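Me: Hi! Could you walk me through this model, starting with the aromatic rings?

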Amino acid sequence: MAAQMAGVAEGTSNITLQTYRYLRMILVLPPVFLMLATVGERLTRGVWRDSISDSYAGPVRDVFVGALMATGVCLIAYKSSSKLEDYALNFAGFNAFFVALVPNNFTPMLVAAPARDPHDLGVLTQAQILDNLRVVLWAFLISAALFTFFDWRLMHWRSFRWGKDETRFASILVGISWVAEAVFLLVIVGGFLLFGRRTLVGGVSIFGVLHFTAAGLLIANLSFAAASHAYPLSLRSKADRSAAPPTSKRALLTYRLISGLMWVGLLIGGVCIWRQVPYSVILTEYFEIAMFLAYWLVATRRDWSNPI
């Protein structure tokens with residue numbers, strides 16, 4: 001009987017480990033798929049788009065939306081013993097949906113749509129496009145709220161305990177993520193959903209602001225997750241560090257290089273985008289995707305047999 005129970009326990013453990021490994025592996029697929037599809041489109045079109053999200057208006061639209069949403073789901077599904085990494089990946093996955101649903105070129109697409117009904121069932125008017133976007137965003141927010149409720153009820157989810165779950169510096173980063181996300185949802189997303197059909201705020205497209213804010217929060221939170229590995233003494237609790245497999249000096253330097261490059265790329269890319277340097281958006285996007293994949297693969301290699 002004892003041997004049978006031990007066999008069941010071992011089998012369950014193996015299934016759990018395999019599930020963890022599959023999640024680790026499959027999260028790499030959507031961003032790689034997206035990069036290959038957009039590069040393939042460039043080879044067929046003979047010209048680069050200004051950003052990956054501009055694919056929303058082309059034949060790679062389904063890949064763009066699907067890849068971002070699949071990545072978002074995987075980021076949220078992955079759980080770490082580090083509360084900083086866990087929260088950062090949750091926020092990153094949440095913002096990936098906004099990047100997918102409100103692309104960079106939404107405003108030009110809206111302007112190109114007819115203002116009145118063209119009596120063509122296949123063509124949407126500007127009002128219909130805006131109404132559809134509101135419906136989709138409300139549906140996503142309600143779905144996210146339901147998931148959060150059941151996560152809390154069924155999976156013993158609890159709020160972050162300031163200064164107790166992680167180090168003080170890690171708590172500050174989590175606090176930054178919370179405040180930034182709250183401002184984004186209440187001011188930008190809420191402003192669009194609740195205040196009529198205004199699409200410009202101070203002469204700036206609200207859709208561009210929404211897209212770039214969500215993309216910035218996505219990248220920033222991914223850098224926080226990478227930093228939790230790069231600076232364990234500053235960003236991970238003593239219990240977490242003791243439970244984790246040892247990290248080699250080479251891997252530690254790699255984590256630090258990746259997290260640093262994420263921020264350098266975000267800052268330089270932001271300046272280039274502001275100065276309207278050609279192709280600065282798509283180059284920044286490709287660079288940040290590559291940095292995320294590098295972080296994820298290094299972490300996967302370390303934790304392959306000892307998920308934490």
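This is a predicted model: local features need pLDDT of at least 70, side-chain atom pairs count only at pLDDT 80 or more; totals for chains, interfaces and linings use all residues.

Me: How many aromatic pairs does the structure hold?

Reply: There are 20 aromatic pairs; Phe, Tyr and Trp rings (the six-membered one for Trp) pair if their centres lie within 6.5 Å, and planes under 30 degrees apart are stacked, over 60 edge-to-face, the rest tilted. One of them joins Y20 and Y78, whose planes are at 40 degrees with centres 6.1 Å apart, so this pair is tilted.

Me: Where do Y20 and Y78 lie in the chain?

Reply: Y20 is in helix 1 (residues 2-26) and Y78 in the loop between helix 3 (61-77) and helix 4 (83-101), 58 residues apart. Helices here are DSSP runs (H or I, at least four residues), numbered from the N terminus.

Me: What cluster do they belong to?

Reply: Ring pairs link Y20 and Y78 with F292, Y295 and W296.

Me: New topic: where is the kink in helix 7?

Reply: The kink is centred on L185, at about 30 degrees; the bend is the angle between axes fitted to the seven residues ending there and the seven starting there.

Key:
Residues are numbered from 1 along each chain as its sequence is written. Side-chain values use heavy atoms; hydrogens and water are left out. Helices (H or I, at least four residues) and strands (E, at least two) are DSSP runs, numbered from the N terminus.
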